[in-house]
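Please look over the model shown below before reading the briefing that follows. The notes are grouped by topic.

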Amino acid sequence: MDPLSPAVLVLSGRVTRAGTPRLCADLEAILATSDAAVVDCDVGGVVEPDLASVEAVARLSLVARRSGGRRLRLRGTPPELQLLLDLVGLGEVVELAETPL
């Protein structure tokens, strides 16, 4: 894979704390087969964003950074999730893309 082409991870439905380890494992698998510097995380299908969603985004961002300094970029971010990220101080840490995938 081209390092300039982002890898893609899709989150949909309700994100739970119990499901976050699986999401992290999915991201680790994607990163293991890609040399992309950026992972586009499509969160447009996330319903009822809450603090569990914020925690998942934070953990996914850490997984990406720990894998050679890669970045997680959110796409299709629902306004509710963006508000929560801003509220807990992650709005400045997590990159938000302007356009959907």
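**Sheet, core and charged pairs**

Leu-74 stands opposite Leu-96, a residue of strand β4, where strands are DSSP runs of E with at least two residues, helices are DSSP runs of H or I with at least four residues, and both are numbered from the N terminus. The model is a predicted one, in which local features need pLDDT of at least 70 and side-chain atom pairs count only at pLDDT 80 or more, while totals for chains, interfaces and linings use all residues. Residues are numbered from 1 along each chain as its sequence is written, and side-chain values use heavy atoms, with hydrogens and water left out.

**Sheet and helix packing**

- The sheet is open and has 4 strands in the order β1-β2-β3-β4, with parallel pairing, two strands being taken as paired if DSSP finds at least two bridges between them.
- Because β1 and β4 (95-96) stand at the edges with a single partner strand each, one side of each is left without a neighbour in the sheet.
- Helix α1 packs on the sheet and touches β1 and β2, its direction making about 160° with that of β1; contact here means heavy atoms within 4.5 Å, and axes are lines fitted to C-alpha atoms, for helices over the stretch in contact, with angles running from 0 to 180 degrees between N-to-C directions.
- The pairing of β3 with β4 is in the parallel sense and extends over 2 bridges.
- Helix α2 lies across β1, β2 and β3, and runs at about 145° to β3.

**Nonpolar core**

- In the largest nonpolar core, which has 26 residues, Leu-11, Leu-27, Cys-41, Leu-60 and Leu-74 touch the most other members; such a core is a set of buried Ala, Val, Leu, Ile, Met, Phe, Trp, Tyr and Cys residues joined through side-chain atoms within 4.5 Å.
- At least two residues of this core come from each of β1 (7-13), α1 (20-32), β2, α2 (51-66), β3 (71-75) and α3 (79-87), and α2 gives the most to this core, with 6 residues.
- When neighbours within four places in sequence are left aside, Leu-60 is in contact with Leu-9, Leu-11, Leu-23, Cys-24, Leu-27, Cys-41 and Leu-72.
- As a general background, nonpolar side chains tend to be buried together in soluble globular proteins.

- Asp-40 is found in strand β2, which covers residues 38-46, and it counts as buried because its relative accessibility is 3%; buried means under 20% relative accessible area, exposed over 50%, and partly exposed in between, for a 1.4 Å probe and protein chains only.
- The side chain of Asp-40 makes a polar contact with the side chain of Arg-73 at 2.5 Å, a polar contact being a pair of N or O atoms within 3.5 Å in which, within protein, one must be able to donate a hydrogen and the other to accept it, and for which residues adjacent in sequence count only if both atoms are side-chain atoms.
- Asp-40 also forms a salt bridge with Arg-75, with the closest N and O atoms 3.1 Å apart; a salt bridge is a side-chain nitrogen of Lys or Arg within 4 Å of a carboxyl oxygen of Asp or Glu.
- Since Asp-40 lies in strand β2 and Arg-75 in strand β3, this pair ties together parts that are 35 residues apart in sequence, and Arg-75, at 11% relative accessibility, counts as buried.

**Salt bridges within the helices and beyond**

- The structure holds 8 salt bridges, one of which joins the side chains of Asp-26 and Arg-22 at 3.0 Å, N to O.
- Both Asp-26 and Arg-22 lie in helix α1, 4 residues apart, about one turn of the helix, and Asp-26 counts as partly exposed at 32% relative accessibility.
- In helix α2, Glu-55 and Arg-59 are likewise 4 residues apart, about one turn of the helix, and they form a salt bridge whose closest N and O atoms are 4.0 Å apart.
- Glu-55 is partly exposed at 24% relative accessibility, and Arg-59 is partly exposed with a relative accessible area of 33%.

**Val-38 in strand β2**

- Val-38 has its place in strand β2 and counts as buried at 11% relative accessibility.
- Not counting residues up to four places away in sequence, Val-38 touches Pro-6, Ala-7, Arg-71 and Arg-73.
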